[in-house]
Amino acid sequence: MLIIQQSIQKSLQAGLKSLFTIDAQEIVLQETKKEFEGTFTFVVFPYTKQAGAAPAQIAEKLGAYLVANNPHIKAYQVVQGFLNLSLNDAVWIQILDNLNQDDCPFELANKNEKVLIEYSSPNTNKPLHLGHLRNNFLGFSVAQILAAAGYEVIKTNLVNDRGIHICKSMLAYQLFGNGETPESIGIKGDHLVGKYYVAFDKAYKVEIEDLVNQGIDAEEAKKQAPILLKAQDMLLAWEQNDPKVIALWETMNTWVFDGFAKSYAQMGVSFDKMYRESNTYLLGKKLVDEGLAQGVFYRKDDGSVWIDLTAEGLDEKLVLRRDGTSVYITQDMGTAQLKYEDFGAKRSVYVVGNEQDYHFEVLFHIVKKLNKPFSEGNYHLSYGMVDLPSGKMKSREGTVVDADDLMAEMVQTAQSRTMELGKIDGFSADESNALFNQLGLGALKYFLLKVDPKKRMLFNPEESIDFQGNTGPFIQYTHARICSMTRKANSMGINMKISSDKTHTLMESEQELIYLLGNYKSKIQEAAEQFAPSVIAQYTYDLAKQFNKFYNELSILNEENEDNRNIRLNLALLTGETIQASLSLLGIVAPQRM
């Protein structure tokens, strides 16, 4: 479609020059609104003063000029200052031919540029939750989209496996665990460790209440609670490489990583490199020394090191404590340097919730002031909180919406809905289970990805699994319907070759389908530029919806005119392939049968 648009834009420039002596530098074409006839719309209002004519007169003259001078234009319609343009039938057939002949229909040209995406970033004191699902699905989908847009993509995961919160789980296990293991009680390792994070919090609250009852101020009680002091001692012992503490830490981390691996496999996400904060938290100190030497940082009288970002509209930021220990920003500086040394990528995308907006603004200013080669290519893909109808998620109280439980619930719901609708007739048990999994995860991913990442969203499990409307299962069912049709066409021995005759008159629903198919690559580019899977989700829904309109309005397999039948079968086949490619960018499987 892009070539057609560019041709029309050039003709409009020529028409404005010839008819009104206007040198138009940029011509913008819009998609014609559904209630009007046409494919593209050109708005003439901005040219009324220069042309010295009414909008409708300008549009009328330009329309006549395009019909006479551009072979792609069949007709035009003037609605006040809007010029609606209709394309010749031969153009639509040519677009369909071009799509069929494209050797690389679902990817853009290689850009020879690396992009690093960091996503997931869990803590090893608890299992993944609903917020992590949005993060993982966003990160993986953006990686897929950027790869399709021609970038070399490296997916990384920085795991927070150190700190006081990790020690809280470790201490509670030491106090209350009685040596139990994931195997001995039959649960995933991350769930076992999370159980003791909750146990710590419960014990901590009891101790605070006891201290308050003894007359100690509530805020002071929070600091003096014995179990918290023990956790702080354990963190100090960890930092001093105490063998017993390190052994417990390694054991519990192994449990958690095993659990994470199972969760990631069910989510369908993957990483090229896993980083651990326990290996990277000291790296930023070297950059602090560099920054002090360059005058980027300054040392206060107490020995702590800071950066002044007031000129950037921020404030002063601590980068090294007075005791020489690093803070989160220091760790992220070091990790950013390490990732550049590992992969040489000058562009990095950080998929992290919007509560960290300020943190990343500071980080990006720091690496710029340090003149790092990767300093100009950083982007924080900030996303909003995910809520359920029951309210906001919490973790320490044990009321978090667990990712594993939610995925299992979605698969179970998909099974119930699918069996109610009779969509697994003739399936084996394995085929049925695979379909339930594809539909459940497809519903979950699509619902979380169709919303602009920056928006806070309400996840409604029941709404997401519907087979009608803007949902994953609706799109998946459309794909399965197309596969069924093409299998039937093959069994009938139909040759789907399109005639070389370009004079076919296409119906409106056929034209609209070709238009959408022709825009696939431009949507990849748009989604890549915006780091927005929601662009692909909306496109895929529009395509599935338009196919169903086309399917319901026109005869396909039973069409008597062979040329019309073959064009429609080609359209169906291309639509199925495009839906499959689009869903794969969202990390969703397109079922072949339903």
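Okay, before anything else, one term: a residue is called buried when its relative accessible area is under 20%, exposed when that is over 50%, and partly exposed in between, using a 1.4 Å probe and protein chains only. With that in hand, take Glu35: its relative accessibility is 60%, so Glu35 counts as exposed. Where does Glu35 sit? Its place is the loop between strand 1 (29-31) and strand 2 (40-43).

Quick housekeeping. This is a predicted model, where local features need pLDDT of at least 70, side-chain atom pairs count only at pLDDT 80 or more, and totals for chains, interfaces and linings use all residues. Residues are numbered from 1 along each chain as its sequence is written, and side-chain values use heavy atoms, with hydrogens and water left out.

Now the whole thing. We've got 23 helices and 14 strands. Those are DSSP runs, numbered from the N terminus: H or I over at least four residues for helices, E over at least two for strands. The C-alpha trace spans about 90 × 65 × 45 Å along its principal axes. There are 594 residues in the protein, and 53% of them count as buried. Next, contacts, meaning heavy atoms within 4.5 Å. If you take contacts between residues at least 6 apart in sequence, 73% join residues at least 24 apart.

What about charge? The protein carries 60 positive and 75 negative side chains, and the centres of the two sets lie 2 Å apart. Lys and Arg count as positive, Asp and Glu as negative, while His and the chain ends are not counted. Each charge is placed at NZ of Lys, CZ of Arg, CG of Asp or CD of Glu.

Let's zoom in on two helices. Two packed helices are described by the angle between their axes and the distance between the axes. At what angle do helix 20 (residues 508-518) and helix 23 (residues 562-585) pack? About 35°, with their axes 11 Å apart. The axes are lines fitted to C-alpha atoms, for helices over the stretch in contact, and angles run from 0 to 180 degrees between N-to-C directions. As for who touches whom, the helix 20 side includes Leu513 and Leu517, and among the residues they meet in helix 23 are Leu571 and Leu574.

Two glycines next. Gly440 is in helix 17 (residues 429-449), and it counts as buried because its relative accessibility is 0%. Setting aside neighbours within four places in sequence, Gly440 is in contact with Met410, Val411, Ala414 and Ile465. Gly259 belongs to helix 11 (residues 243-267). At 1% relative accessibility, Gly259 counts as buried too. Not counting residues up to four places away in sequence, Gly259 touches Lys188 and Asp190.

Last stop, two asparagines. Asn178 has a phi near 50°, a positive value in a residue other than glycine. You'll find Asn178 in the loop between helix 6 (164-176) and helix 7 (182-185). Is Asn178 buried or exposed? Exposed, because its relative accessibility is 79%. Asn371 has a positive phi of about 55°, although it is not a glycine. Asn371 lies in the loop between helix 15 (357-369) and strand 12 (378-383), and at 64% relative accessibility it counts as exposed. That's my bit, thanks!
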